[in-house]
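Here is a short report on a ligand site and a sheet. Have the sequence and the model at hand.

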Amino acid sequence: MIDGSTKIYGIFGYPIKHTLSPLMHNAAFESLNLNAAYLPFEVRPEELKRAVESIRALGICGLNITIPHKERIIPFLDELSPEAESIGAVNTIVVGNRRLTGYNTDGIGFMVALRKDLEISPKGKDIFILGAGGAARAISFVLAKEGVNSIILFDLIKSRTQGLAKDLRKNFPQCLVKAIYSPIDHLTLSNINILINATPVGMNKDDPLVFDPKLLHSKLIVCDLIYNPLETKLLSIAKRKCLKTMNGIGMLLYQGALSFQLWTGRRAPIEVMRKALYSGVGRKIQC
Ligand code: NAP
């Protein structure tokens, strides 16, 4: 029941109709009996500054930030967590004493999913990341911090690959970082332990694979950050080859759980949130 004391949380994005976050957070509030509600806000890029000003004006208690605002919102905030600062993107805002602090829980969300759902420790592993956009930035910084041995990056946009590689080398000199610009071949993947798709390729049924599936060797762990569909073409081929796989739902779940904890100071009800997400995607599968 919404009343005069209900605390308001939400998400800014454009477009926003696809979001599963309201389902996940409202289920969590309900299960812990918190007088709070989580709403989607469709914020056009040109309205972002005014939307941020409205956070204080309306007394909104906390927010998630999604595409296309994760980087552009930074100048409008009062402070950043060290992770958000180095990644250069924000997916969570905590409001305290009318000050807006930006956090990035995407990378840690991916890491928790890797550890809890796949039972994999990234330490010492060799990683290949397809894409060098916002999600790739968030996960590569956390992977490097967790002590992976090497990260290879490939993005269609050369400057993006170069920029991320440069930032990673500067922040984590102990991690070997390589940017590649030519098509992915057998040699590139031969020593890789974990392959991560951080591009939107695979969201549509007709999307092609970014490389020849013959290159998926028997020791590879394959992760796709996409959560809708739950099983992309890449994951389906990897599963047929009996490789360990992980879709994006775990990352979505744990980044949301971390945001929830930052806002409420309460431990997030993970299984309630997971169930809400699966009900939103529409079907249950083993992942
Ligand atoms: P983004 O900032 O647009 O970055 C994606 C990058 O991949 C872009 O630089 C894009 O280049 C590049 N790319 C596209 N096709 C490629 C190809 N064939 N080969 C190499 N690079 C290619 O997007 P993002 O925010 O990082 O999101 C990436 C994916 O992660 C999306 O599917 C998103 O849904 C998912 N995601 C999941 C979670 C989660 O919680 N599970 C969280 C965040 C993001 P162009 O710009 O030229 O296309």
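Gly134 places a backbone N or O atom 3.1 Å from an oxygen atom of the ligand. This is a predicted model.

| Residue | Protein atom | Distance to a ligand oxygen atom |
|---|---|---|
| Gly134 | backbone N or O | 3.1 Å |

The ligand taken alone exposes 920 Å², and the protein buries 78% of that. The space it takes is the largest pocket.

Around the ligand stand 23 residues. Those that come nearest are Ala135, Asp155, Arg160, Leu225 and Gly248. By class, the shell has 15 nonpolar, five polar and three charged residues. Helix H5 (134–145) and helix H9 (249–264) each give the shell at least two residues.

Now the sheet. Six strands form an open sheet with mixed pairing, in the order S2-S1-S3-S5-S6-S4. Strand S2 (36–42) and strand S4 (79–80) are at the edges. Each has a single partner strand, so one side of each is left without a neighbour in the sheet.

Inside that order, strand S3 (residues 62–65) pairs with strand S5 (residues 92–96). The pairing is antiparallel and runs over three bridges. Leu63 stands opposite Ile93 in S5. Strands of a sheet pair through backbone hydrogen bonds, either parallel or antiparallel.

Technical notes
Residues numbered from 1 in each chain as written. Predicted model: local features only at pLDDT ≥ 70, side-chain atom pairs only at ≥ 80, totals over all residues. Heavy atoms only, no water. Near = heavy atom within 4 Å. Polar contact = N/O pair within 3.5 Å; in protein donor to acceptor, adjacent residues only side chain to side chain. Areas by Shrake-Rupley, 256 points an atom, 1.4 Å probe, with all protein chains shown as cover. 1 Å grid on protein atoms, 1.4 Å probe; cavity = no way out; pocket = protein on both sides within 12 Å on 5 of 7 lines; lining within 4 Å. Sits in = over half its atoms within 2 Å of the grid points. Helix = DSSP H or I, 4+ residues; strand = E, 2+ residues; numbered from the N terminus. Nonpolar A, V, L, I, M, F, W, Y, C, P; charged D, E, K, R; others polar. Pairing = 2+ DSSP bridges.
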